[in-house]
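Here's a quick walk through one structure, starting from a single residue and moving on to cores and a sheet. Have the viewer open as you read.

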Amino acid sequence: MSQPSRRSLLAGAALFTAGTAMAQDNALQPVEGNQGAPMLGPRNPPREGQNRDFVQPPATDHGAVPNLKFSFADTHIKMREGGWSREVTERELPIAKTIAGVNMRLAAGGVRELHWHKEAEWSFMLAGSARITAVDTDGHNFVADVGPGDLWYFPEGIPHSIQGLQPDGAEFVLAFTSGAFSEDSTFAITDMFAHMPKDALAKNFGVSATAFDRLPKTEKFIFKTDLPPPLQNDEIAGPKGHVPQDMKFHLLQMEPINSLGGRVRIADTRNFPVAKNIATALVDVDPGHIREIHWHPNTDEWQYYVSGKARMTVFAAEGRARTFDFQAGDVGYVPMSMPHFVENVGNEPLRFLELFRASHYEDVSLAQWMALTPHELVQAHLGLDRALIDQIRKQKQPVV
């Protein structure tokens with residue numbers, strides 16, 4: 001095989017440099033009118049294109065605001081036979097103190113082994129189907145199948161499992177009630193057995209210690225096994241029966257709150273009683289519309305973007321505001337009481353989840369607040385035409 005000549009190498013380098021320069025010339029630049037200047041140094045145009053409002057921020061952005069975005073695409077994937085997982089915690093997104101998230105994929109037959117956490121676990125099924133199991137502190141058991149758009153919730157300390165079903169297994173996003181959570185710190189049944197003396201296990205189960213000679217030496221975490229039987233054949237009749245509160249919820253099957261520019265579905269203890277510590281809103285925004293300017297007075301908001309493209313401006317008081325861009329697989333975060341909107345900037349419907357470490361969902365609508373405050377007072381503050389103030393909607397319209 002012939003080696004390239006020095007001349008061909010130099011020509012290739014020149015073409016590469018010219019191509020790079022052309023790409024940079026056509027790329028987004030930090031220039032607005034007479035402000036800014038084109039970049040001359042190294043850059044990453046594809047990455048900058050995903051964060052347009054970092055490169056060309058709106059004139060209303062001002063001051064120092066913490067980072068409120070992190071993408072699952074930037075996280076480390078833990079691959080196992082039977083699936084994978086990746087997480088966004090306060091290690092990746094330091095502002096996110098109330099909730100941490102995990103994105104998990106289980107192949108058909110793949111099992112997230114029997115385990116439990118100090119934190120409650122909430123989940124939204126993205127694709128496929130799975131079987132979930134749990135047993136509560138009173139000995140009630142729970143076995144159910146879940147599909148796209150379904151939620152589940154396991155309270156703190158309740159042991160449970162997840163298994164992917166035919167034909168393609170499942171993918172889902174999990175949320176936990178602490179930003180410091182890590183999936184590496186869960187209590188796994190295999191890990192526990194490996195670190196219990198065999199004589200204690202023998203006494204606990206009333207058998208010989210030799211019965212435990214083939215135990216795994218480390219946790220399995222995610223592993224592949226046989227598919228389970230049909231659901232009706234997999235349920236065990238326990239002495240206490242099934243759990244008194246259903247641990248799954250068909251979010252997509254509920255009637256949405258319809259607005260001019262989209263739809264919102266809310267699940268909290270009012271319709272999903274077991275979910276005592278996470279309230280949820282699934283928001284659909286049509287192209288060209290926004291999730292109205294609002295804020296949440298009871299807790300921070302953790303977001304997961306399911307599909308579409310969005311931008312969000314957050315006002316942080318003291319003259320501070322910043323705009324962030326999002327696409328599918330990104331995580332967003334808004335501290336408590338900070339006003340914000342989420343705009344669909346793409347050509348396709350935008351779908352994202354709002355999660356709150358709270359028993360119930362609360363928000364304050366900017367438009368409703370102004371409409372229900374004496375109009376002469378609002379006019380004195382903002383100098384708006386009285387006719388404009390008089391026609392502001394008095395009912396919440398979550399998406400406009």
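## Around glutamate 235

Leaving aside residues up to four places away in sequence, glutamate 235 touches Val143 and His242. This is a predicted model, and it puts glutamate 235 in the loop between helix H6 (231-234) and strand S16 (248-250).

For a sense of distance, take glycine 179: glutamate 235 is 56 residues from it in sequence and 34 Å from it in space, C-alpha to C-alpha.

## Two cores

The largest nonpolar core has 51 residues, and Trp122, Trp152, Phe172 and Trp302 have the most contacts inside it. Strand S13 (residues 170-176) supplies the largest share of this core, six residues. Beyond residues up to four places away in sequence, phenylalanine 172 has a list of contacts that includes Val102, Met104, Leu106, Phe124, Trp152 and Ile162.

There's also a second, separate core of 24 residues, with Val283, Ala310, Met338 and Val399 among them.

## The seven-stranded sheet

Seven strands make an open sheet with antiparallel pairing, in the order S3-S24-S21-S26-S19-S18-S17. Strand S3 (69-71) and strand S17 (257-259) sit at the edges with a single partner strand each, so one side of each has no neighbour in the sheet. From one strand to the next, the twist averages 20 degrees.

Methods. Residues are numbered from 1 along each chain as its sequence is written. This is a predicted model: local features need pLDDT of at least 70, side-chain atom pairs count only at pLDDT 80 or more; totals for chains, interfaces and linings use all residues. Side-chain values use heavy atoms; hydrogens and water are left out. Helices (H or I, at least four residues) and strands (E, at least two) are DSSP runs, numbered from the N terminus. Contact means heavy atoms within 4.5 Å. A nonpolar core is a set of buried Ala, Val, Leu, Ile, Met, Phe, Trp, Tyr and Cys residues joined through side-chain atoms within 4.5 Å. Buried means under 20% relative accessible area, exposed over 50%, partly exposed in between (1.4 Å probe, protein chains only). Two strands pair if DSSP finds at least two bridges between them. Axes are lines fitted to C-alpha atoms, for helices over the stretch in contact, and angles run from 0 to 180 degrees between N-to-C directions.
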